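Welcome! Here is a short tour for anyone meeting this structure for the first time. Have a look at it first, and then we will go through it topic by topic.

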Amino acid sequence: MSRGRTLAWPSCALLALSLGCPSADDAAEEGADSTGTDEAETTETDTTDTGTETAEDSSGSSETDSSSESSEAESESESESTTGELPAEPFCSSGGWDPGRTVALVVNFGDDELSLLHADGTTTALDTAGASSLTAGGAGEFVYYGYRTGPGTYVNRTVDRDTGTQIWELDSSWWPVNPAYVHPSGRVAVGAYPDRNAESSSWIALSPEGMALTGVEPRLVQSVARDDGWVLTAGLTDVDWRRWDGSQTLDPTYFTLFDTGGAVTSADGSIRYPAKVDGVFSFVREEPNAPEVFPVPEAQALEDMGWFIDRFDFAGDWFMATAYDGQSEDKAGFLVTPEGGVIDVSDLPTPEGLELFDFDANEDAIDDQGRLFRMFRDGGSAWVWMYEPAVDLGGPGQPLGAPITEAVSGRLESRAPGVVSLWVSSGGGDWTGAPAEALAGPSLQVIYAPDGDTESVYLPYGGEPDPNGFSFNNGRFGADGKCVAHPPVDDLEGNWLIHDFALDETVTVARPGFVIWL
């Protein structure tokens, strides 16, 4: 679920999670000549050996002969001890990929290394000789990455998603530092600075034909997936579509930030937002020049009576509006279906012996299946409960995940299909008699509850996790929500783990670095 707001320009710390942040050592680096190769270094697992087998020479080519076996074995042993590489192991079997399919990138920002991660657990290391400040992305059959090689020299390269073979390379004087968005055709949009001393960046468009300046000022490009020439962009105060080369701008039909609270963008280049249309509170789902309006007259009637429509939620093609009466403190909720139907979810059945938990203003969440998640508690603990109002409006809900206790505020959100996360940001409150399995105080759990599943699998994290700086943000879910990639809880610098919710299996990634699903 996404909140009703326009996405802000991310900080450098968050950009590291999104693939692109200047290295702290860049200013001290001298220029390095990187010519690149068409061959990628492939890391494979030999099950008869004791570790990951890597065949390479100093130039990056894959050559092995009997006279060098001893030195290579020594090199392998040293590599394993310094990089933490592990034997490859298949992961996320629920994804159903072919073994050689590249399903993620592994980015080691500390060493400026980038690898393709295949479904069988093997990795292909891409050529980043002399690199610093990596940024990368992928779509379709393409993976793009850019980096700095020296003062004023930057490389932009696109390779085949599965083999790592170079498709095209473009040198530029622009410094690519922000997340890259790749079109399935291989086109790329990436934030870049004209030089190291520039105070602001612009989005540049890259293709085999060269580089084009888009004219988009510092703002976040949300999607380049469209085939009609439009690129969806979002800034601090607005959202619009731009032509690939920046020659034309198109504003959403009804969007007004300060009247409606923001817009939510989608990977397909469409947007969803609340608006007043002909005087009636509505949700809008819009493609370029093609808005669909979903009126919610029930919410408008309450606003006419002095209520506030104070929350807007979006999940796929489902919408939800929450209204609040400041005098009586009553609340009402309206779920809007993809077809435009309105379901009043104000009076869903309360589980026996429980009461609503005033958790961050009793915030509900919805997912892209139209399911609603709500918090309830007794004297000792609280749970997430799931309802399916579009299927059975009066039907009882079901508890999910682990109970929490000593909790005051936090966030309940739908993160991926069939997945909801519960983050407790601050502890305290009046709790007595919590069960032994309850997570006390600040915690983060990710709950997997697919269609028709009455049980849930959850990953609890103690301490004080921050979902914006941890692993449950910006696409850490793969295989339509069936798997999640995350760093070890007790070692955020360690090799990442991939957990298969459907099979309840966890595998450690062979190479160190951030895992980014493609």
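A residue is called buried when its relative accessible area is under 20%, exposed when that area is over 50%, and partly exposed in between. With a relative accessible area of 0%, Cys483 is therefore buried. Please keep in mind that this is a predicted model.

**The chain as a whole**

- The chain holds four helices and 41 strands.
- Of its 518 residues, 53% are buried.
- Among the contacts with a separation of 6 or more, 50% are made by residues 24 or more positions apart.
- The accessible surface comes to about 22000 Å², and carbon and sulfur atoms account for 47% of that.

**The disulfide**

- How many disulfides are there? The count comes to one.
- Its partners are Cys92 and Cys483, whose sulfur atoms lie 2.0 Å apart.
- Cys92 sits in the loop between α2 (69–83) and β4 (102–108), while Cys483 belongs to strand β38 (residues 483–486), so the pair ties together parts that are 391 residues apart in sequence.
- The torsion about the S-S bond is about 100°, which means that the disulfide is right-handed.

**Nonpolar cores**

- The largest nonpolar core has 18 residues, and the members touching the most others are Phe373, Met375, Ile404 and Leu412.
- Which strands supply at least two residues each to this core? They are β29 (372–377), β30 (382–387), β31 (398–405), β32 (407–416) and β33 (419–427).
- Another core lies apart from that one; it has 17 residues, including Phe294, Ile309, Phe312 and Phe314.

**Helix α4 and its cover**

- Helix α4 spans residues 297–304, and Ala299, Gln300 and Leu302 are buried in it.
- Seen down the axis of α4, the buried residues fall within an arc of 160°, so they line one face of the helix.
- What covers the buried residues of α4? The cover includes β20 (271–277), β21 (280–287), β23 (308–315), β24 (318–324) and β25 (331–336).
- Just after α4 comes Gly306, which has a positive phi of about 105°.

**Strand β8 and its two neighbours**

- In strand β8 (residues 142–150), nine of the nine residues are buried, so the strand is largely enclosed by the rest of the structure.
- Strand β7 (residues 132–139) runs antiparallel to β8, and six bridges join the two.
- In this pairing, Ser132 stands opposite Arg148 of β8.
- β7 and β8 form a hairpin with two residues between them, and Gly140 in the turn has a positive phi of about 60°.
- β8 also pairs with strand β9 (residues 153–160), in the antiparallel sense and over eight bridges.
- Here Phe142 stands opposite Asp160 in β9.
- The hairpin of β8 and β9 has two residues between the strands as well, and Gly152 takes a positive phi near 75°.

**Strand β35, covered on both faces**

- Six of the six residues in strand β35 (residues 443–448) are buried, so this strand is largely enclosed by the rest of the structure.
- In a regular strand the side chains alternate between the two faces of the sheet.
- Both faces of β35 are covered: one side has the buried residues Ser443, Gln445 and Ile447, and the other has Leu444, Val446 and Tyr448, which are buried too.
- Trp423 has Leu444 in β35 as its bridge partner.

**Positive phi without glycine**

- Glu406 is not a glycine, yet its phi is positive, at about 50°.
- Where does Glu406 lie? Its place is the loop between β31 and β32.
- Glu406 is partly exposed, with a relative accessible area of 43%.
- Asp504, a residue other than glycine, also has a positive phi, near 55°.
- The loop between β39 (497–500) and β40 (505–508) is where Asp504 is found.
- Is Asp504 buried or exposed? At 52% relative accessibility, Asp504 counts as exposed.

Notes
Residues numbered from 1 in each chain as written. Predicted model: local features only at pLDDT ≥ 70, side-chain atom pairs only at ≥ 80, totals over all residues. Heavy atoms only, no water. Buried < 20%, exposed > 50% of the residue type's maximum accessible area, 1.4 Å probe, protein only. Contact = heavy atoms within 4.5 Å. Areas by Shrake-Rupley, 256 points an atom, 1.4 Å probe, with all protein chains shown as cover. Core = buried A, V, L, I, M, F, W, Y, C linked by side-chain atoms within 4.5 Å. Disulfide = S-S within 2.5 Å. Arc of directions from axis to C-beta. Pairing = 2+ DSSP bridges.
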